[in-house]
Amino acid sequence: MAAPRFLGCYQDSESRDLPTEVPVKPLTVEGCVAKCRETGFSIAGLQASTQCFCGTTYSKYGRLNNKQCSMRCTGNYQEICGGVMMNSLYYTGKIGGF
């Protein structure tokens, strides 16, 4: 399988851009993308070093400069896992979704 395709850094809100949180411990880009793909979602979002969110649409709250997503993933410090209320978004390879 090819490396996950990075979509950018996007703002989030309390009412969540990606509605479904899934547990991935410790968090890595590959782990979150795989979990979202397995559960039928086309978009994976990593946030605040420890959270993985899934959805089928994104950008409800706008795009940010990619440098604003700067928190390291707990499962791989070489990877970036968003920021506080900021998602590092990836396409999972799943077409459509729910």
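Biologist: How many helices and strands does the secondary structure of the protein chain come to?
Modeller: Helices (H or I, at least four residues) and strands (E, at least two) are DSSP runs, numbered from the N terminus. Read along the sequence, the pattern is β-β-α-β-β-β-β. The total for the protein chain is 1 helix and 6 strands.

Biologist: What kind of model is this, and what do the values rest on?
Modeller: Residues are numbered from 1 along each chain as its sequence is written, and side-chain values use heavy atoms, with hydrogens and water left out. Local features need pLDDT of at least 70, side-chain atom pairs count only at pLDDT 80 or more, and totals for chains, interfaces and linings use all residues, since this is a predicted model.

Biologist: How many disulfides does a search of the whole structure find?
Modeller: A disulfide is a covalent bond between the sulfur atoms of two cysteines. Here the test is a pair of cysteine sulfur atoms within 2.5 Å. The bonded cysteines, counted along the chain, pair as 1-6, 2-4, 3-5, 7-8. The search finds 4 disulfides.

Biologist: How many residues apart in sequence are the parts tied together by cysteine 9 and cysteine 69?
Modeller: The two sulfurs sit 2.0 Å from each other. Cysteine 9 belongs to strand β1 (residues 5-11), and cysteine 69 to the loop between β5 (63-64) and β6 (86-91).

Biologist: Are cysteine 9 and cysteine 69 buried or exposed?
Modeller: Buried means under 20% relative accessible area, exposed over 50%, partly exposed in between (1.4 Å probe, protein chains only). Cysteine 9 has a relative accessible area of 0%. Cysteine 69 has 6%. By that cut-off, both cysteines are buried.

Biologist: Is the disulfide of cysteine 32 and cysteine 52 right-handed or left-handed?
Modeller: The sulfur atoms of cysteine 32 and cysteine 52 are 2.1 Å apart. Cysteine 32 is in helix α1 (residues 29-38) and cysteine 52 in strand β4 (residues 51-55), so the bond ties together parts 20 residues apart in sequence. The torsion about the S-S bond is about 85°, so the disulfide is right-handed.

Biologist: And the disulfide of cysteine 36 and cysteine 54: right-handed or left-handed?
Modeller: The sulfur atoms of cysteine 36 and cysteine 54 are 1.9 Å apart. Cysteine 36 is in helix α1 and cysteine 54 in strand β4. Relative accessibility is 0% for cysteine 36 and 0% for cysteine 54. The torsion about the S-S bond is about -80°, so the disulfide is left-handed.

Biologist: What is the radius of gyration of the protein chain?
Modeller: This value is taken over C-alpha atoms; the globule rule is 2.2 Å times the number of residues to the power 0.38. For 98 residues, the rule puts a compact globule near 13 Å. The protein chain agrees with that, at 12 Å.

Biologist: Among contacts between residues at least 6 apart in sequence, what share joins residues at least 24 apart?
Modeller: Contact means heavy atoms within 4.5 Å. The C-alpha trace spans about 30 × 25 × 20 Å along its principal axes. Of the contacts you ask about, the share is 70%.
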